[in-house]
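This report describes one protein chain, beginning with a single residue and ending with the chain as a whole. Please consult the sequence and the structure while reading.

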Amino acid sequence: MVSADGYEHEVIWMRDFAFTSLLRWLRNIRLEGTVIETHRLVGINEFSRTYRDLKENFGRQIASKWRERTDPRKFVFEDCAIAAYLIFSGYGIDIRRRNIWDDFAGADLRECSLNPEKDVLDGADFLIGNHSDELTPWIPVLAARSRCGFFLLPCCPFDFYGRYVKKTKAKNGNSCYGSYFLYIRSICERLGFEVEEDRLKIPSTKRRCLIGLVPGSGLLSNTEEVIKELLSEGKSNIFVARPKVERVRNCSQIPTDLRQQMTLRIFNHLLSIDTDQSSEWSRGGVLPLPRAADLLSATEKEQLKDSHGGLQTFLKNQHQVFKVAGGSVSIRDWATEGVRRVDGKTKISACWFKLYHPNGCPLSNELCSFAH
């Protein structure tokens with residue numbers, strides 16, 4: 001598709017990304033539901049100023065030296081926004097130490113496993129559960145026992161003793177996340193908190209948060225009875241924290257030479273089935289995943305299985321090279337998807353397209369996130 005004025009890339013981007021994203025957003029709008037105003041509980045001007053200061057003074061520097069496997073564009077600036085929403089001093093707990101902690105000298109960051117059934121957070125005056133996974137439903141319980149308020153940003157769905165399972169079809173067509181959010185809110189309310197809901201300005205689809213406040217008359221006098229009742233509703237009664245050592249289950253431990261061979265074989269096959277001969281930069285064809293699997297040997301398939309993943313997981317890991325959508329794989333065209341540079345971040349990985357694509361990289365060295 002080529003527009004009359006020659007802006008082919010812009011037309012493709014509008015067709016393949018902008019319109020599809022807009023359509024997905026429109027489909028998720030619930031006209032009959034209650035609209036939650038973004039940042040209705042904080043002053044927007046003060047928040048914006050604080051967020052801008054955190055992002056410019058700390059966020060960009062942290063992102064440029066990011067040593068975790070996650071994407072700094074999302075996680076660093078998301079946490080800057082959450083910090084700007086909550087800004088005050090305290091200490092943080094995580095089950096395992098993070099590499100980025102080295103850059104926060106003086107911060108009170110504690111590596112420990114918290115058992116919410118037995119541990120008491122002495123002296124706590126406000127708890128923050130930021131993507132707290134299996135501790136999410138326990139945050140209101142811990143806050144009730146400490147007689148303090150809390151902030152909670154539910155993400156991965158857990159109940160008290162395992163993965164949360166959507167019990168019935170949610171009202172108003174709620175998704176699993178919507179159902180889980182209502183479940184967590186019900187815990188907060190049953191414990192006697194005054195519950196406020198807000199929507200954060202963060203780069204995430206799961207950005208609804210709950211703030212639990214202690215009423216002026218205080219929390220329930222029979223808090224422990226309510227907690228016992230809440231815990232009795234689960235199928236199990238044993239809390240299991242995540243293991244301290246994270247088990248790798250995403251094909252990331254496949255030997256480098258084998259990963260290179262499989263990636264190059266699928267990449268070259270996609271180039272060979274390109275049906276658009278008019279483009280200056282070959283985007284290759286689109287291949288259903290079962291047909292892509294046929295390009296692998298039995299030994300390679302077994303290697304993927306041993307690495308706790310499959311072909312789809314493997315291809316998604318090669319994010320620079322492939323795009324996986326709708327059960328098919330294609331070559332990723334960065335020229336249509338836009339620049340993904342993090343200002344100031346040192347380029348370490350080599351540009352695949354510069355090395356292996358017959359037409360080279362569609363982006364200039366200045367715009368490409370990878371080393372030319």
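Serine 132 counts as buried, at 12% relative accessibility; buried means under 20% relative accessible area, exposed over 50%, and partly exposed in between, with a 1.4 Å probe and protein chains only. Serine 132 belongs to the loop between β3 (126-130) and α4 (138-146). Helices (H or I, at least four residues) and strands (E, at least two) are DSSP runs, numbered from the N terminus. When residues up to four places away in sequence are not counted, serine 132 touches Ile139 and Leu152, a contact being heavy atoms within 4.5 Å.

The model is predicted: local features need pLDDT of at least 70, side-chain atom pairs count only at pLDDT 80 or more, and totals for chains, interfaces and linings use all residues. Residues are numbered from 1 along each chain as its sequence is written, and side-chain values use heavy atoms, with hydrogens and water left out.

| Residue | Relative accessible area | Class |
|---|---|---|
| Serine 132 | 12% | buried |
| Methionine 14 | 33% | partly exposed |
| Cysteine 112 | 31% | partly exposed |
| Cysteine 209 | 0% | buried |

Methionine 14 is found in helix α1 (residues 8-27). Together with Trp13 and Phe19, Met14 makes a nonpolar surface patch of about 290 Å². Such patches consist of residues with over 30% relative accessible area and no salt bridge; like charges are joined within 9 Å, and nonpolar side chains (Val, Leu, Ile, Met, Phe, Trp, Tyr) within 5 Å. A salt bridge is a side-chain nitrogen of Lys or Arg within 4 Å of a carboxyl oxygen of Asp or Glu.

A disulfide is a covalent bond between the sulfur atoms of two cysteines. The structure holds 0 disulfides, where the criterion is a pair of cysteine sulfur atoms within 2.5 Å.

Strand β10 (residues 322-325) has Phe322 and Val324 on its covered face, and Lys323 and Ala325 on its uncovered one. β10 runs antiparallel to β11 (residues 328-331), to which 4 bridges join it; two strands pair if DSSP finds at least two bridges between them. Lysine 323 stands opposite serine 330 in β11. The two strands β10 and β11 form a hairpin with 2 residues between them, and glycine 326 in the turn has a positive phi of about 60°.

Overall, the chain has 12 helices and 11 strands. Of its 372 residues, 38% count as buried.

Definitions and conventions:
Accessible areas come from the Shrake-Rupley method with a 1.4 Å probe; for residues, only the protein chains shown count as cover.
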